[in-house]
Amino acid sequence: MTIDTASPHKPQSPSPASPKDPRAALFKDPNFRWMTAGSFLSMLGDQFTLIALPWLVLQMTGDTLVLGTVLALISIPRALFILVGGALVDRHSPKQVLMVTKYVNLVLLAALAGLVLAGTLTLWMVYALSLGIGLATAFSIPAGTAMMPHVVARPQLQAANGISLGLRQLTMFLGPLLAGLLIALFGAGDTAASEATRANATGIGLAFAIDALSFAVSAWTLSQVQTHAAPATPAAAPQAVLASVAQGLAHFWRDHELRTCFLYWSAIALFIMGPIHIAIPVLASSTPQLGAAAFGTMVGAHGAGTLLGMVVSGMVPRLRIGSLGLTILAFDAVIGVLFMPLGLITAVWQGAGLMLAIGLLGGFMQVSVFTWIQQRVPPALLGRAMSLFMFIFMGLAPISAAVTGWVMKGITLAQLFATSGGTLVVLTALALLLTPMRRVTDTAPAAR
């Protein structure tokens, strides 16, 4: 789940952003162009696996508990090692760590594609490959999210993040649509056939193959990247990895506003994001009027909405309901209300409309939140900060999804969506009344 530039000569420090058009200045930097192109291809490939993997498991078993187990096998190593990955990024370099993970993911996805296309995939193989993918992403996520400050100047981060996250959302719109169409065109397997036959689904195998190819190409573009050193910091003796992780956690805990936001987002991931990960594919596979293409359409609509939200955020970057924290709470409350009726939909357009609106609200805040963290945290701790941020949404959420798979044995989809949406509304109300979340502002702290 998840975020490379280039001169054949000496590393180049990025030139200052143009005050008139910072985006145009960024695209004049060959490093930023290489990084952006590679990241786009890699993120687009990831969306094919995002659609194909749950669909594969549901076609093989039809069991939500098995789907939850697969998601847990991805999330548990990611959750356990992502903070270690962040410490390694700070110790070595985002580029070095990211390059290794791209080759590892290339091998894993190519193996998964080959086994599906050959019709020899079994459930234990899905478990093993999912575990490997989860472990690789524990290191690729903090490396990828820490790359940007090593490529562009700090004054350019807002514009650079806007471009990067905007392209990410474009892939989240195009990728699911293309993956859903691919699976629908080539067939997702006969649900009445044996496990081995159901696994032999050409469309699903091709989806994994496309993701593997995206890792191969993006590894080459990353090799063209020349990064600049982070701003100088006082020399310090090398630390053991676990001690480095502990140092980062202690720093984030002392930062009152950062701690408040991280705790709030953790609650969101545990109670809301997990059900989203497992309930949407189950909804598409269990509703007669829907299917693989509808699954891709709904996820794609969410990506389109998020992209649109980012565009609106770029047009009015300071639009706030009082403060940054208060705006986050207000938007999350509305998202909770929109989430509640998803379990009752009977047509693709209904699900796509709700997901579009949810994505619009979430996308509006993403660029500001990302930039706020990058500007607030000292450069020497940036890898650990971004790994903690991604741990919350890409480590905790799938663990929650695994629990959701078990819970769904006793409740209906409509009850799950209604409960999840209602829980989000309650969480925002509690955060508003009981925490300083509403006082979190865009203002970066003084230099440390």
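Before I start, a word on handedness: a crossing of two helices is called left-handed if the near helix is turned anticlockwise from the far one by less than a right angle, and right-handed if clockwise. Helices here are DSSP runs of H or I with at least four residues, numbered from the N terminus.

Residues are numbered from 1 along each chain as its sequence is written, and side-chain values use heavy atoms, with hydrogens and water left out.

Let me begin with confidence, where pLDDT is the predictor's confidence in each residue, from 0 to 100. The mean for the protein is 75, and 78% of its residues reach 70 or more. Residues 1-19 have a pLDDT below 50, although this stretch has 66 contacts in the model beyond near neighbours in sequence, a contact being heavy atoms within 4.5 Å. Residues 231-238 also have a pLDDT below 50, and that stretch has 3 such contacts. Where pLDDT is low, the predicted coordinates should not be read in detail.

Now to the helix packing, with axes fitted as lines to C-alpha atoms over the stretch in contact, and angles running from 0 to 180 degrees between N-to-C directions. Helix H2, residues 30-61, and helix H8, residues 202-223, have axes that come within 8 Å and cross at roughly 160°, which makes H2 roughly antiparallel to H8 (under 35 degrees is roughly parallel, over 145 roughly antiparallel, 65 to 115 roughly perpendicular, and the rest oblique). The crossing is left-handed. Among the residues that meet are Trp34, Gly38 and Asp46 in H2, and Phe208, Asp211 and Trp220 in H8. By class, this contact has 14 nonpolar, 7 polar and 2 charged residues, where Ala, Val, Leu, Ile, Met, Phe, Trp, Tyr, Cys and Pro count as nonpolar, Asp, Glu, Lys and Arg as charged, and the others, Gly among them, as polar.

H2 also packs on helix H5, residues 123-146, with axes that come within 11 Å and cross at roughly 160°, so that H2 is roughly antiparallel to H5. This crossing, too, is left-handed. Leu53, Leu56, Val57, Met60 and Thr61 in H2 meet Leu123, Val126 and Ser130 in H5, giving 6 nonpolar, 2 polar and no charged residues.

Returning to H8, helix H4, residues 94-118, packs against H8 at about 160° with the axes 8 Å apart, and H4 passes H8 in a left-handed crossing. The residues of that contact divide into 19 nonpolar, 5 polar and 3 charged.

How values were computed. This is a predicted model: local features need pLDDT of at least 70, side-chain atom pairs count only at pLDDT 80 or more; totals for chains, interfaces and linings use all residues. Helices (H or I, at least four residues) and strands (E, at least two) are DSSP runs, numbered from the N terminus.
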